[in-house]
Amino acid sequence: QVQLVESGGGLVQPGGSLRLSCAVSGIIFGTNTMGWYRQAPGKERELVAHIYSNDWTNYADSVKGRFTISRDNAKNTVYLQMNSLKPEDTAVYYCNTYPYRLDWGQGTQVTVSS
């Protein structure tokens, strides 16, 4: 059974940091490209970052230089370190394969506000 369990979200002030985690089960994690996505209220879900099995990474222009995606294949977990957060980063964050092909998890809410 495939499961994606995101955690680590919360309320943070502008300029702050958060580290998101996504525990993945039910797939051969190490061979899959994994991505972090987000959906803000009233907007389409968008890709934030993805990481290949060889640890090569790509980022959306809006987060480049502020966010870092990483993975731990031994723990079947993908991370998103988010620094210098802005109010426009407020969204529900999800992980999935890239391109996405799994049922979405519950996501984790990130709210950036003073």
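The structure is a predicted model, in which local features need pLDDT of at least 70 and side-chain atom pairs count only at pLDDT 80 or more, while totals for chains, interfaces and linings use all residues. Residues are numbered from 1 along each chain as its sequence is written, and side-chain values use heavy atoms, with hydrogens and water left out.

A disulfide is a covalent bond between the sulfur atoms of two cysteines; here it is assigned to cysteine sulfur atoms within 2.5 Å. The count comes to one disulfide. C22 and C95 form it, with their sulfur atoms 1.7 Å apart. This pair links distant parts of the chain, since C22 is in strand β3 (residues 18-25) and C95 is in strand β9, 73 residues apart. Strands are DSSP runs of E with at least two residues, and helices are runs of H or I with at least four, numbered from the N terminus. C22 is buried, at a relative accessible area of 0%, and C95 also counts as buried, at 0%. Buried means under 20% relative accessible area, exposed over 50%, and partly exposed in between, with a 1.4 Å probe and protein chains only.

The salt bridges come next. A salt bridge requires a side-chain nitrogen of Lys or Arg within 4 Å of a carboxyl oxygen of Asp or Glu, and the count by this rule is four. R38 forms one with E46, the closest N and O atoms being 2.7 Å apart. R38 is buried because its relative accessibility is 6%, whereas E46, at 34%, is partly exposed. R38 also meets D89 in a salt bridge, at 3.0 Å from N to O. That pair links distant parts of the chain: D89 is in the loop between β8 (77-82) and β9, R38 is in strand β4, and 51 residues separate them. D89 in turn forms a salt bridge with R66, with the closest N and O atoms 2.7 Å apart. R66 is in the loop between β6 (57-59) and β7 (67-72), 23 residues from D89. R66 counts as buried at 10% relative accessibility, and D89 is buried at 1%. Through shared partners, salt bridges join R38, E46, R66 and D89 into one network.

Aromatic rings provide another set of links. A pair of aromatic rings is described by the distance of the centres and the angle of the planes. Rings of Phe, Tyr and Trp (its six-membered ring) pair if their centres lie within 6.5 Å; planes under 30 degrees apart count as stacked, over 60 as edge-to-face and the rest as tilted. The whole structure holds four aromatic pairs. Y37 and Y100 form an edge-to-face pair, at 6.2 Å centre to centre and 90° between the planes. Y37 is in strand β4 (residues 34-39) and Y100 in the loop between β9 and β10 (108-112), 63 residues apart. Y37 is buried at 5%, whereas Y100 is exposed at 51%. The rings of Y100 and W104 have centres 5.0 Å apart and planes at 40°, so this pair is tilted. Ring pairs link Y37, Y94, Y100 and W104 into a cluster.

N96 is buried because its relative accessibility is 0%. Leaving aside neighbours within four places in sequence, N96 has contacts (heavy atoms within 4.5 Å) with residues including Y37, L102 and W104.
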